[in-house]
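Me: I would like to go through the aromatic contacts and the surface of this model. Could you take me through them in turn?

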Amino acid sequence: MSTDATGANARPASLDAGPLGYLALGLTLLGYGLLQTGLLHHTQVADAAGLAHLLGGIALFVAGLWQLRAGDTLNGTAFAGLGAFWAVWSMGAGSAAGGKNAAGLFLLLWAMLAFTLTAASWQTGLFNRALFGLLTLSLLLNAIGVLSSSGGLVKAAGWIAAVAGLISWYWATAALTNHHWGRAALPVK
């Protein structure tokens with residue numbers, strides 16, 4: 001989560017793409033996760049490819065570049081890296097071109113990125129720790145589920161991704177609301 005700096009490190013709120021990044025990540029994770037759980041009948045996780053490409057890929061990547069430009073390396077790296085993940089994932093969604101071993105490896109590699117983000121964000125607050133920790137767990141369970149052909153693990157990973165998405169969405173909603181209302185209308189700590 002972006003923190004407002006003071007003094008020489010202050011930057012105008014207009015340079016903060018954090019809410020956009022967390023909103024893009026949250027909605028993409030929520031859509032992907034819910035589709036992966038099988039909760040919605042006659043749908044499959046590949047149905048999230050458009051959302052993942054445009055919102056999770058492009059918008060998230062652009063928010064990452066914006067945050068890097070503003071000097072926020074944690075969110076910049078998170079948004080740009082996860083934007084690349086969603087863009088790549090959406091290109092292969094629904095295809096079995098690489099098989100389950102390639103898909104499992106892909107998910108494990110991105111779980112490593114999520115773990116790095118979890119470790120880097122540990123001192124930044126509960127929301128970041130919860131979001132990136134749950135994302136790491138979701139990707140790891142998904143990878144193990146894919147590699148072992150365990151539908152139960154894949155479903156559990158979907159639920160965890162959906163919860164991570166809700167956390168990210170809430171943070172973005174709170175940040176935007178609190179900023180524009182000029183007070184802490186929604187708690188963020």
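Reply: Please note that this is a predicted model. Tyr32, Phe85, Trp86, Trp89, Phe106 and Trp110 form one aromatic cluster.

Me: How many aromatic pairs are there in the whole structure?

Reply: A search of the whole structure gives 10 aromatic pairs. One of them joins tyrosine 22 and phenylalanine 79: their ring centres are 4.9 Å apart and their planes lie at 85°, so the pair is edge-to-face.

Me: Which helices do tyrosine 22 and phenylalanine 79 lie in?

Reply: Tyrosine 22 belongs to helix α1 (residues 18-37) and phenylalanine 79 to helix α3 (residues 73-92), so the pair ties together parts 57 residues apart in sequence. Both tyrosine 22 and phenylalanine 79 are buried.

Me: And what about tyrosine 32 and tryptophan 86, how are their rings arranged?

Reply: The ring centres of tyrosine 32 and tryptophan 86 are 5.1 Å apart with the planes at 70°, so this pair is edge-to-face. Tyrosine 32 is in helix α1 and tryptophan 86 in helix α3, so the contact ties together parts 54 residues apart in sequence.

Me: Are tyrosine 32 and tryptophan 86 buried or exposed?

Reply: Tyrosine 32 and tryptophan 86 are both buried.

Me: Changing topic: which residues make the nonpolar surface patch?

Reply: Leu105, Leu108, Leu109, Met112, Leu140, Ile144 and Leu147 make a nonpolar surface patch of about 590 Å². Helices α4 (99-120) and α5 (126-147) are the elements that give two or more residues to the patch.

Me: Which element gives the most?

Reply: That is α4, with four residues.

Me: Lastly, where is arginine 129 relative to tryptophan 122?

Reply: Arginine 129 lies over the face of tryptophan 122, 5.3 Å from the ring centre.

Methods: Residues are numbered from 1 along each chain as its sequence is written. This is a predicted model: local features need pLDDT of at least 70, side-chain atom pairs count only at pLDDT 80 or more; totals for chains, interfaces and linings use all residues. Side-chain values use heavy atoms; hydrogens and water are left out. Patches are made of residues with over 30% relative accessible area and no salt bridge: like charges are joined within 9 Å, nonpolar side chains (Val, Leu, Ile, Met, Phe, Trp, Tyr) within 5 Å. Accessible areas come from the Shrake-Rupley method with a 1.4 Å probe; for residues, only the protein chains shown count as cover. A salt bridge is a side-chain nitrogen of Lys or Arg within 4 Å of a carboxyl oxygen of Asp or Glu. Rings of Phe, Tyr and Trp (its six-membered ring) pair if their centres lie within 6.5 Å; planes under 30 degrees apart count as stacked, over 60 as edge-to-face and the rest as tilted. Buried means under 20% relative accessible area, exposed over 50%, partly exposed in between (1.4 Å probe, protein chains only). A charge sits over a ring if NZ of Lys or CZ of Arg is within 6 Å of the ring centre and within 35 degrees of the ring normal.
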